Amino acid sequence: MIDIGERSGLCDLFHIWEANGYKEPIIRESLNPDRITLTLQIEIDSNERNSDRYERKNDKNLSKNETLVLNALHSDNCLSAAQVSLKTGLSISTVNHIYKNLKTKEYIARNGSTRGRWEILK
């Protein structure tokens with residue numbers, strides 16, 4: 001049934017999941033009743049988690065979640081709070097709170113408005 005309809009949205013989903021380091025989505029088709037089940041695992045693949053280029057283990061000024069957000073911004077400084085939320089597994093409100101903390105601690109600064117970029121200062 002999946003092969004009949006338009007698949008571009010489904011393909012995009014697979015690409016987005018792979019780009020953010022999540023495990024590959026699982027599609028199951030069943031008959032009687034006809035049903036398609038799409039399973040999206042939001043746990044970040046352990047290989048992706050270990051490949052962070054930006055590590056702050058020795059920085060006692062940063063929490064674990066702040067380090068996660070900095071890692072996400074280091075890989076792409078144009079990410080929105082929602083995208084960082086997907087990438088880190090944190091809620092959007094937590095990400096926004098961490099943004100505020102990181103700006104106060106002068107780790108990041110915003111260049112531009114809503115379509116701007118984050119500049120990593122430290």
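**A hairpin, a helix and a patch**

Author: Happy to! Keep in mind that this is a predicted model. Let's begin with a hairpin made by E1 and E2, with four residues between the two strands. Asn32 sits in the turn and has a positive phi of about 60°.

Reader: Nice. In which sense do strands E1 and E2 pair, and over how many bridges?

Author: The pairing is antiparallel, over five bridges, between E1 (residues 26-30) and E2 (residues 35-39). As one example, Arg28 has Thr37 of E2 opposite it.

Reader: Let me zoom out. How many helices and strands does the chain have?

Author: There are five helices and four strands. Along the sequence they come in the pattern α-β-β-α-α-α-α-β-β.

Reader: And what share of the residues counts as buried?

Author: Of the chain's 122 residues, 27% are buried. On contacts, if you take those with a separation of 6 or more, 37% are between residues 24 or more positions apart. The accessible surface is about 8,500 Å², and carbon and sulfur atoms hold 48% of that.

Reader: Which residues make the nonpolar surface patch?

Author: Ile27, Ile36, Leu38 and Leu40 make that patch, which covers about 280 Å². Leu38 belongs to strand E2.

Reader: Switching to the helices: what can you tell me about H3?

Author: H3 runs over residues 64-75, so to speak a stretch of 12 residues. From its first C-alpha to its last it reaches 17 Å, close to the 16 Å expected at 1.5 Å a residue.

Reader: Which of its residues are buried, and what covers them?

Author: The buried ones in H3 are Glu66, Thr67, Val69, Leu70, Asn71, Ala72 and Leu73. Their cover includes two helices, H4 (81-88) and H5 (92-104), and also strands E3 (108-111) and E4 (117-120).

Reader: What is Glu66 in contact with, leaving aside neighbours within four places in sequence?

Author: With those neighbours set aside, Glu66 is in contact with Asn61, Ile98, Asn101, Leu102 and Lys105.

Reader: Great, thanks for the tour!

Terms used
Residues numbered from 1 in each chain as written. Predicted model: local features only at pLDDT ≥ 70, side-chain atom pairs only at ≥ 80, totals over all residues. Heavy atoms only, no water. Expected span 1.5 Å × (residues − 1). Buried < 20%, exposed > 50% of the residue type's maximum accessible area, 1.4 Å probe, protein only. Contact = heavy atoms within 4.5 Å. Pairing = 2+ DSSP bridges. Areas by Shrake-Rupley, 256 points an atom, 1.4 Å probe, with all protein chains shown as cover. Patch = residues over 30% accessible without salt bridge, like charges linked within 9 Å, V, L, I, M, F, W, Y side chains within 5 Å. Salt bridge = Lys/Arg side-chain N within 4 Å of Asp/Glu carboxyl O.
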